[in-house]
Amino acid sequence: MRYFRNILVSALAMSLTAGVHAMESLSVMISGGFSHAYHEVLPEFERGTGVAVTTLSGASQGTGPRTIKSELERGVDADVVILSKEGLSELIAAGRIVGGSEVELASVPLAAAVRDGSPKPDIANLDAFRRALLNARLVVMPGSTSGLFIKDEVFPRLGISDKVSWKVVARGTDSTAMLASGEADLALGPVSELLNQPGVAVVGSLPDQVQLVQVFTAAIVVTRAIQSRPNG
């Protein structure tokens, strides 16, 4: 907890020192992968600094209106973003991020989960993981960085794109809700999005050969206030 508080304080302090807003308020847009740790330390941060933080939500990557990139393009006001490094790279390329403002917060591996109380399949190696996917009635995953990687790289590599029943949903919370309700047998995504979810039990991390370790990073958004600041 202390580690996450320290890095969160550092990340949010970037926006304050950049003069984006008056120090009494701050707007943060965050993806699901770091959301649990963020919400645990946020009350302590607000009490310790006196800064009122408004929290918005968006996916690191993907299509549709619920991604952080789409939200910013639509004009949603945010001072700081926290998302996977892959999604941050897209924002940097689009000129949405203040250069050099990135702070890495945590590295998170991909994992699998089942409905609480269900037998946990063996995913210790590539062959076992492939069997678990094929035996699942439905595999669900978020339509962001992790889901795109699994759909576009892992399934083709295992030769099961047309053999496994899978569904990409908007957010990690959508996939765990489907798992908990019994609609799906297996959920894949960052382990941070699978832990501490009601009705869900984590099986373990994916095998190294099909693993993607996401680095969740905070950065300052180029806002109108920053754009209007004089140079020097």
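**Exercise 1. Find out whether Trp166 is buried, partly exposed or exposed, and which ring it pairs with.**

Step 1. Start with accessibility: Trp166 has a relative accessible area of 32%. Buried means under 20%, exposed means over 50%, and partly exposed is in between (1.4 Å probe, protein chains only). Trp166 is therefore partly exposed.

Step 2. Before going on, a word on the model. It is a predicted one, in which local features need pLDDT of at least 70 and side-chain atom pairs count only at pLDDT 80 or more, while totals for chains, interfaces and linings use all residues. Residues are numbered from 1 along each chain as its sequence is written, and side-chain values use heavy atoms, with hydrogens and water left out.

Step 3. Now look for the partner. The structure holds one aromatic pair, made by Phe155 and Trp166. Rings of Phe, Tyr and Trp (its six-membered ring) pair if their centres lie within 6.5 Å; planes under 30 degrees apart count as stacked, over 60 as edge-to-face and the rest as tilted. Here the centres are 6.1 Å apart and the planes make 50°, a tilted pair.

Step 4. Phe155 belongs to helix α6 (residues 145–158) and Trp166 to strand β7 (residues 166–169), so the pair ties together parts that are eleven residues apart in sequence. Helices (H or I, at least four residues) and strands (E, at least two) are DSSP runs, numbered from the N terminus. Phe155 itself is buried, at a relative accessible area of 0%.

**Exercise 2. Describe helix α6: how many residues has it, and where does it bend?**

Step 1. Take its length: α6 has 14 residues and reaches 19 Å from its first C-alpha to its last, close to the 20 Å expected at 1.5 Å a residue. The expected span is 1.5 Å times one less than the number of residues.

Step 2. Follow its course. At Lys151, α6 bends by about 30°; the bend is the angle between axes fitted to the seven residues ending at a residue and the seven starting there.

Step 3. Check its buried residues, which include Phe149, Ile150, Val154 and Leu158.

Step 4. See what comes next. Gly159 follows α6 and has a positive phi, near 70°. Ile160 sits in the loop between α6 and β7 and is buried at 0% relative accessibility. Apart from neighbours within four places in sequence, Ile160 is in contact (heavy atoms within 4.5 Å) with Arg130, Leu133, Leu134 and Phe155.

**Exercise 3. Which strands make up the sheet on which α6 packs, and in what order?**

Step 1. Read the order: five strands form an open sheet, β7-β6-β8-β5-β9, with mixed pairing. Two strands pair if DSSP finds at least two bridges between them.

Step 2. Find the edges. These are β7 and β9 (200–205), each pairing on one side only. The twist averages 30° from one strand to the next.

Step 3. Zoom in on one pairing. Strand β6 (residues 139–142) and β7 run in the parallel sense over four bridges, and Trp166 in β7 is the bridge partner of Val139.

**Exercise 4. Where is Met29, and which residue stands opposite it in β2?**

Step 1. Locate the residue: Met29 is in strand β1. It is buried, with a relative accessible area of 1%.

Step 2. Look at the neighbouring strand. Six bridges join β1 (residues 25–30) to β2, and the two run parallel. Opposite Met29 stands Leu56.

Step 3. Widen the view to the sheet, an open one of five strands in the order β2-β1-β3-β10-β4, with mixed pairing. Its edge strands are β2 (52–57) and β4 (103–108).

Step 4. Finish with the surroundings. Met29 and Gly58 are 29 residues apart in sequence and 6.7 Å apart in space, C-alpha to C-alpha. Beyond its neighbours within four places in sequence, the contacts of Met29 include Leu56, Gly58, Ile68, Leu72 and Val80.

Technical notes. Axes fitted to C-alpha atoms, helices over the stretch in contact; angles between N-to-C directions.
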